[in-house]
Amino acid sequence: MNTLDAMLTRTSQGKLGFPAPGPEVLNKAFACALRAPDHRVLRPWRYLVIEGEGLQKLGELLVAASLAETADLTPEVIDRLQKMPFRAPMIVVAITVYKDDPKAPPEEQLLSMGAAVQNFLLALHDQGFASMWRSGSITGNPHLKKGLGVAAHESIAGFVYVGTASAEPRKITPLSVADFVSAWQG
Ligand SMILES: Cc1cc2nc3c(=O)[nH]c(=O)nc-3n(C[C@H](O)[C@H](O)[C@H](O)COP(=O)(O)O)c2cc1C
């Protein structure tokens with residue numbers, strides 16, 4: 001698949017099953033993520049890969065972290081949180097690692113993280129795998145951050161659910177470029 005086709009055909013896939021990508025495919029996708037534009041070469045990114053038993057533990061952490069914020073969650077909500085990570089065989093947590101720099105403020109570092117995640121999604125797509133970038137309000141939860149080892153100078157950019165598409169890709173309705181682009185001549 002060429003780059004343009006990858007960008008034009010990638011869609012998020014909520015229904016993800018086995019197999020997850022193996023080490024070779026995953027390494028290639030991370031190598032692409034590491035090619036994101038990066039003002040001042042700060043490398044403001046790191047990733048956690050969660051699979052197998054880790055998904056169960058992530059579910060337990062989501063429950064504990066949510067209960068720490070809201071003690072009266074219903075059993076249905078607790079059950080949903082516990083099962084959430086099992087929506088894919090693999091989850092990659094993208095973490096922005098903010099660095100002190102006089103010329104690249106935190107916003108630029110977050111933009112770099114966004115570009116890195118997009119590279120990652122495209123590289124998975126190119127190699128025949130599907131994904132969905134999710135966040136939800138939980139990403140800022142301090143108990144979740146602590147449980148995942150996310151430090152004070154870091155933030156969770158998202159949970160990338162990764163696997164094999166188990167449903168047809170969503171039909172893409174192309175947007176009109178003219179609605180978003182205009183010439184400026186001063
Ligand atoms: C930072 C970020 C966080 C997101 N979080 C969620 C989320 O929690 N739940 C969700 O349904 N979609 C979320 N999305 C949107 C999906 O990843 C996806 O982009 C959207 O459903 C459009 O689908 P497409 O990628 O096929 O165009 C998020 C996107 C971004 C960029």
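So, helix 3 against helix 4. From helix 3, the residues in contact are Gly 59, Glu 60, Leu 62, Val 63 and Ser 66, and they meet Ile 78, Leu 81, Gln 82 and Lys 83 of helix 4. If you sort that contact by class, you get 4 nonpolar, 3 polar and 2 charged residues. Before I go on, do keep in mind that this is a predicted model.

Now the geometry of that pair. Helix 3 covers residues 53-69 and helix 4 covers residues 75-83, and their axes sit 7 Å apart at an angle of about 140°. That angle makes helix 3 oblique to helix 4. And the handedness? Helix 3 and helix 4 cross in a right-handed way.

There's another helix pair I want to show you, helix 2 with helix 5. Helix 2 is residues 23-33, helix 5 is residues 106-126, and here the axes come within 7 Å, with a crossing angle of roughly 145°. The crossing of helix 2 past helix 5 is right-handed. Who is in that contact? On the helix 2 side we have Lys 28, Ala 29, Phe 30, Cys 32 and Ala 33. On the helix 5 side they find Ala 116, Val 117, Asn 119, Phe 120, Ala 123 and Leu 124.

Okay, zooming out to the whole chain. How many helices and strands does the chain have? It has 6 helices and 5 strands. Going along the sequence, the order reads α-β-α-β-α-α-β-α-β-α-β. If you box up the C-alpha atoms along the principal axes, you get roughly 55 × 45 × 35 Å. The chain has 186 residues, and 25% of them count as buried. Then there's the contact range: take the contacts between residues at least 6 apart in sequence, and 85% of those join residues at least 24 apart.

On to the ligand, which I guess is what some of you are waiting for. Which residues surround the ligand? Going up the numbering, they are Thr 11, Ser 12, Met 132, Trp 133, Arg 134, Ser 135, Gly 136, Gly 158 and Arg 170. Strand 4, residues 130-134, gives the most to that shell, with 3 residues. In class terms, the shell around the ligand is made up of 2 nonpolar, 5 polar and 2 charged residues.

Let me stop at Gln 13 for a moment. Gln 13 is in the loop between helix 1 and strand 1, where strand 1 is 16-17. Is Gln 13 buried or exposed? Gln 13 is buried, because 23 other C-beta atoms lie within 10 Å, and the cut-off for buried is 20 or more. Leaving out residues up to four places away in sequence, Gln 13 touches Ala 130, Ser 131, Met 132, Ala 165, Ala 167 and Pro 169. Met 132 in that list is also one of the residues around the ligand.

Thr 3 has 9 other C-beta atoms within 10 Å, so it counts as exposed. Between Thr 3 and Asp 38, 35 residues apart along the chain, the C-alpha separation is 20 Å.

As a reminder, most residues other than glycine have a negative phi, and most peptide bonds are trans. Here, the peptide bond between Phe 18 and Pro 19 is cis, with omega at about 0°. Pro 19 itself is in the loop between strand 1 and helix 2.

Then there are two arginines to look at. Arg 40 has a positive phi, near 70°, and Arg 43 has one of about 50°. Arg 40 is in the loop between helix 2 and strand 2, with strand 2 at 45-51, and Arg 43 lies in the loop between helix 2 and strand 2 as well. Arg 40 has 14 other C-beta atoms within 10 Å, so it is partly exposed. Arg 43 also comes out as partly exposed, because it has 14 other C-beta atoms within 10 Å.

That's my tour, so over to you.

How values were computed
Residues numbered from 1 in each chain as written. Predicted model: local features only at pLDDT ≥ 70, side-chain atom pairs only at ≥ 80, totals over all residues. Near = placed C-beta within 6 Å. Helix = DSSP H or I, 4+ residues; strand = E, 2+ residues; numbered from the N terminus. Nonpolar A, V, L, I, M, F, W, Y, C, P; charged D, E, K, R; others polar. Axes fitted to C-alpha atoms, helices over the stretch in contact; angles between N-to-C directions. Parallel < 35°, antiparallel > 145°, perpendicular 65-115°, else oblique. Left-handed = near helix turned anticlockwise from the far one by under 90°. Contact = placed C-beta atoms within 7 Å. Buried ≥ 20, exposed ≤ 12 C-beta atoms within 10 Å, placed from the backbone.
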